[in-house]
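Subject: The structure you asked about

Hi there,

Here is the structure, ready for you to open alongside this note. My notes on it follow below.

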Amino acid sequence: MTLTDRPGPSGQRTDVDAAFRGSATYRSLGEQQLSPAEERFEKGRRTVGLFLAPLVTIVFALLPLGMENQQQLLAAILLGVIVLWITEPVPIPIGGLIGVGAIVVLGVVPADEAVAPFGSTTVFTFIGAFILAAAMLKHGVARRFAMAILSLKWVGGSTARVVIAFGLITALLSAFVSNTATVAMLLPTALGILTVIAKLLQDKGLVKPDFDPLRLRVGVALMLMLAYGASVGGLLTPVGTPPNLIGRGLIEEATGERIGFLQWMLMALPICALMFVALAAVLLLLNRPEIRRIEGVHEYVQAERAQLGPVSRAEKNTLVAFGITVALWIFPGIIALTAGTESALYETISGRINEGIVAVLGASLLFLLPTDWKQREFTLRWSDAATIDWGTVLLFGTGIIFGSLLADTGLAETIGNASADTLGLTSTFAITIFAVILAIIISETTSNTASAAVVVPIIIPVAVAAGINPFVPALAATFAASFGFMLPVSTPQNAIVYGSGVVPITKMIRSGISFDVLGALLIVVLLPVMVGLVLEV
C-alpha cells in the first residue's frame, strides 16, 4: 500500500477499499485522523503506560503477599502486560511478547515451557481464517455477500438494523458452529458491509473527504456485535462452545446430574435472548452510528451489484475453498447432534477434523485452485497472504501462554481459594456471584476454555465445603466463562475482530466492561430461575 492509499491530509479523498485492505491492529498517531482532544488523550494514555507498566510489575513483585515466588512473579508480569495492552505505549502484540520474555528472564518457567502453548491449534485457525478472508476481500466475494444482506429493504435502510441483523445471524450460527469459526467466516462479510456504508457516507458528503474509515462508530458496533454475538449464541447449546462441554462434564461428575441437550437449550434460550437485547443496546448506545438511516441505500446497492458483473473464476475458487472449510467446521457439530458428544464417532471426528487444521487446509486450496493455468496463476499469491495481520496471531498466542501458566503454576486456584476464604461465602447466592465474577476475571486474560477448566473445579469444592449443592454456582461459572469481552486476548473472536483494525482497544474495553456487568447480572438473576423451571435441581 502506498502512502496515498491511506487517509491523508485535509482535502485528499480517502480510498476506502485500500484502507480496509491495509487495516492493522495497531496504528501510530501519525497514521490516524484524530481531533486535537483525541490526540492529547492518546499521547497521555501511551506516555502513562510507558512508565506505569514497569512500576506496577516491580511493586507487585516486591509486596509481602505470602504467595509462592513463581505465582507472584507471574501475577506481577501479567499485571504489567495488561497495563501495556490497555495503554498501548508499544504495539499490543509487542506488549505480549515483552511479557513472555520477562517470564523466562525472571525464571517463572524455562523458555521451551513458556512458548509451548503458542502451538495451539487456535493460532492456526487465525492464520487460515485470515488468509481466507484476504482472498474474499481481494476478489470481491465479501462485497457480494454484503450487498446481498444490504439489499434486503428492512435491513439496509437502517444502520441499527444492519448491526442487529448481522448479530442475529452470528448468534444463531455460533450455537452449532465453533464461535471462532463463525466469526472467521463472517468477518469478510462484515468488512464488506462496512466498506459499503463508508463509501455511501463518503459519496453523500456525510463525512470529510479525508475521513478515516477505520474510525467509524458504526464499524465498532458492527465488529463488536460479530465477536460478542458469537459468545452469546455459543451459550445456547452444549456444543456451542468448549466451556459448555467442560462445565457440563464437571457438574455431572460432581453432582450426578446430567443436563440433556434439549434441557440445556430450554434453560439457556431466555438468558441468551435477553443477553442479545442487552448487547444490542450497549453497542448501539456506546457506539452510536454516525447516521441512523442511510437514505437511498437500496438504489445504491442495486447499482453497485450491477457493476460487480458475473462471478469470476477467482471468486468461484474462493467460494469453493470457503465452502469446504465451513462444511468441515460444521461437520463435528452435526455428528454431536446425531450421535452424541460421548460417542466414539464424535471423538474420532472432532479429534481429526480440528478447526485449526481445517482452516490451514482450506487456506491452502487458494494456492492450488488456478485462475489461469497457462500462466500458472492461482487464486491467491503468497504476497497476498503475507499481508494478513500477523500481529493478531502473535497477540493471541501470547494470551494463550499466560492462560496456560495461570493454570499450570496454580495462580488461578490460589486466587480463587484465597478470595473464597476471605469473603466467607456461605449461601448459594453469594457463591454464585463469586463464581460469575471469578470466571469473568479469569476469562479476560485467558481463553474461555481455560477459564471454565480452572474456575469450575474451584467453585465445586467451595460450595460443597459450605454445605451447598454446587450445581447452580458451577453452571453459572460455566456460562460466565464464555464472557471476557474487554481485551483482544479474552477470546479468539475478540482477537479476530480486533485484527480488522476497526476496533480501538479503548472502545473494546468500554463496550466490553459494560456488557460484562449486564451479562453477569443476567446470569446471577435468571440462571437459578431457569434451572428451577427446567431441571428442578
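Residues 24 or more positions apart account for 78% of the contacts in the protein chain with a separation of 6 or more. Please keep in mind that this is a predicted model. The protein chain has 25 helices and two strands. Of its 537 residues, 55% are buried. The accessible surface of the chain comes to about 21700 Å², and carbon and sulfur atoms hold 65% of that area.

The largest nonpolar core has 147 residues, and within it Leu-475 and Phe-479 touch the most other members. Setting aside residues up to four places away in sequence, Leu-475 touches Ile-251, Ile-259, Trp-264, Met-267, Leu-527 and Val-531. As background, nonpolar side chains tend to be buried together in soluble globular proteins.

Helix 21 (residues 428–445) packs against helix 25 (residues 505–535) at an angle of about 145°, and their axes are 10 Å apart. The crossing of helix 21 with helix 25 is right-handed. On the helix 21 side, the contact is made by Phe-429, Ile-433, Val-436, Ile-440 and Glu-444, while helix 25 supplies Asp-516, Ala-520, Ile-523 and Val-524. Sorted by class, this contact has seven nonpolar residues, two charged ones and no polar ones.

I also looked at a few single residues.

Ile-77 is found in helix 3 (residues 69–87). Is Ile-77 buried or exposed? Ile-77 counts as buried, because its relative accessibility is 4% and the cut-off for buried is under 20%. Leaving aside neighbours within four places in sequence, Ile-77 is in contact with Thr-57, Gly-99, Ala-102, Ile-103, Leu-106, Val-108 and Phe-402. Ile-58 lies 19 residues from Ile-77 along the chain, and the C-alpha atoms of the two are separated by 8.6 Å.

Asn-494 is found in helix 24 (residues 492–498). This asparagine, Asn-494, is buried, with a relative accessible area of 0%. Not counting residues up to four places away in sequence, Asn-494 touches Ala-227, Tyr-228, Gly-484, Phe-485, Met-486, Leu-487, Pro-488 and Met-508. Asn-494 and Thr-180 are 314 residues apart in sequence, yet their C-alpha atoms are 9.1 Å apart in space.

Glu-413 has its place in helix 20 (residues 411–423). With 47% relative accessibility, Glu-413 counts as partly exposed, since that class covers what falls between 20% and 50%. Val-454 is 41 residues from Glu-413 along the chain, with 7.1 Å between their C-alpha atoms.

What is the phi of Arg-376? Arg-376 has a positive phi of about 55°, although it is not a glycine. For context, most residues other than glycine have a negative phi. Arg-376 is partly exposed, with a relative accessible area of 47%.

Conventions
Residues numbered from 1 in each chain as written. Predicted model: local features only at pLDDT ≥ 70, side-chain atom pairs only at ≥ 80, totals over all residues. Heavy atoms only, no water. Axes fitted to C-alpha atoms, helices over the stretch in contact; angles between N-to-C directions. Helix = DSSP H or I, 4+ residues; strand = E, 2+ residues; numbered from the N terminus. Left-handed = near helix turned anticlockwise from the far one by under 90°. Contact = heavy atoms within 4.5 Å. Nonpolar A, V, L, I, M, F, W, Y, C, P; charged D, E, K, R; others polar. Core = buried A, V, L, I, M, F, W, Y, C linked by side-chain atoms within 4.5 Å. Buried < 20%, exposed > 50% of the residue type's maximum accessible area, 1.4 Å probe, protein only. Areas by Shrake-Rupley, 256 points an atom, 1.4 Å probe, with all protein chains shown as cover.
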